[in-house]
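Please examine the sequence and the structure shown below. The report that follows describes the fold in general and then turns to selected details.

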Amino acid sequence: MERAFIAGLIIAMIAPFIGSFLVVRRLSIIADALSHVALTGVALGLLIGSNPLITTVIVTIITAYIIEEIRFRNDISAESILAMILPGGLALALILISVAGGFNSSIFSYLFGSIMTVTWNDIWIMSGLGVGIVSLLLLFYRQILYTSFDEESARTSGINVRLTNHLFMILIALTVSVAMKIVGALLIGSLMVIPVITAMQITKGFRTSIIVAILLAIVCVFSGLTISYYINLPAGATIVVISILLFLFTSLPRAIKRFI
């Protein structure tokens with residue numbers, strides 16, 4: 001449980017931070033697309049006998065770079081590219097899983113999350129990646145913020161939009177890779193998006209919403225871990241359900257006012 005709470009805290013601080021920019025860019029689905037690609041990395045790691053986290057990081061970063069290059073060079077919308085990447089990543093993952101001998105407990109732990117199996121080695125890797133992700137987000141905060149709201153204005157103000165977008169895509173890939181062991185590949189997007197949307201319901205200002213989203217994510221992760229431990233429920237699924245309930249709770253007053 002100590003390892004679970006440490007790992008959960010790391011993810012709760014990273015996922016909503018980068019998810020805030022995803023929501024602004026209206027690219028929330030990219031987390032789901034890269035999570036399917038991340039499964040390919042997991043299957044590859046199990047196939048070659050390597051640490052799945054390392055192969056996942058490599059595969060997702062390469063894919064994120066390719067997505068941005070295709071979007072930039074061919075003027076194809078991000079939604080169209082993701083619509084190809086999402087099933088393609090899952091299909092390749094299924095092929096590699098079949099070659100590796102089919103589904104087993106390791107694969108299912110990455111599909112749905114298995115925070116209780118997180119090792120200290122995983123935590124050290126996650127901590128290093130987490131520090132790197134947050135540091136780069138803070139260092140390039142202005143550039144990422146401007147390109148998220150208006151790429152053309154950012155370009156005219158002298159920001160290297162292409163480089164900034166590549167950096168942002170790589171940070172998303174790293175976040176997905178780090179979070180997969182906690183909430184599972186099928187649920188990563190929810191932890192990156194739902195606390196952010198909830199925070200935007202109750203706050204004003206982008207920076208304030210980021211802080212509130214992180215706090216909400218921490219509450220969801222810690223309460224989800226505690227409940228799942230005592231009632232014997234899947235940790236990742238419990239965390240996501242709590243985050244949805246928080247969203248509904250914060251949205252209810254507005255809905256009542258509109259109805260009245």
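Which pattern does the protein chain follow when it is read along the sequence? In this predicted model, the pattern is α-α-α-α-α-α-α-α-α-α-α-α. The secondary structure accordingly comprises twelve helices and zero strands.

Several values describe the chain as a whole. Of its 260 residues, 50% count as buried. The chain exposes about 12400 Å², and carbon and sulfur atoms supply 69% of that area. Among contacts between residues at least 6 apart in sequence, 75% join residues at least 24 apart.

One pair of helices may be considered in detail. Two packed helices are described by the angle between their axes and the distance between the axes. The axes of helix 6 (residues 120–139) and helix 7 (residues 141–149) come within 4 Å and cross at roughly 75 degrees. Because angles of 65 to 115 degrees count as roughly perpendicular, helix 6 and helix 7 are roughly perpendicular to each other. The table lists the residues that make this contact.

| Helix | Residues in the contact |
|---|---|
| Helix 6 | Leu137, Leu138 and Leu139 |
| Helix 7 | Tyr141, Gln143 and Ile144 |

The residues of the contact of helix 6 with helix 7 comprise five nonpolar, one polar and no charged.

A further detail concerns a loop. Asparagine 232 lies in the loop between helix 11 (206–231) and helix 12 (235–259). Although asparagine 232 is not a glycine, its phi is positive, at about 65 degrees. Is this residue buried or exposed? Asparagine 232 has 68% relative accessibility and therefore counts as exposed, since the cut-off for exposed is over 50%.

Notes: Residues are numbered from 1 along each chain as its sequence is written. This is a predicted model: local features need pLDDT of at least 70, side-chain atom pairs count only at pLDDT 80 or more; totals for chains, interfaces and linings use all residues. Side-chain values use heavy atoms; hydrogens and water are left out. Axes are lines fitted to C-alpha atoms, for helices over the stretch in contact, and angles run from 0 to 180 degrees between N-to-C directions. Helices (H or I, at least four residues) and strands (E, at least two) are DSSP runs, numbered from the N terminus. Angles under 35 degrees count as roughly parallel, over 145 as roughly antiparallel, 65 to 115 as roughly perpendicular and the rest as oblique. Contact means heavy atoms within 4.5 Å. Ala, Val, Leu, Ile, Met, Phe, Trp, Tyr, Cys and Pro count as nonpolar, Asp, Glu, Lys and Arg as charged, and the others, Gly among them, as polar. Buried means under 20% relative accessible area, exposed over 50%, partly exposed in between (1.4 Å probe, protein chains only). Accessible areas come from the Shrake-Rupley method with a 1.4 Å probe; for residues, only the protein chains shown count as cover.
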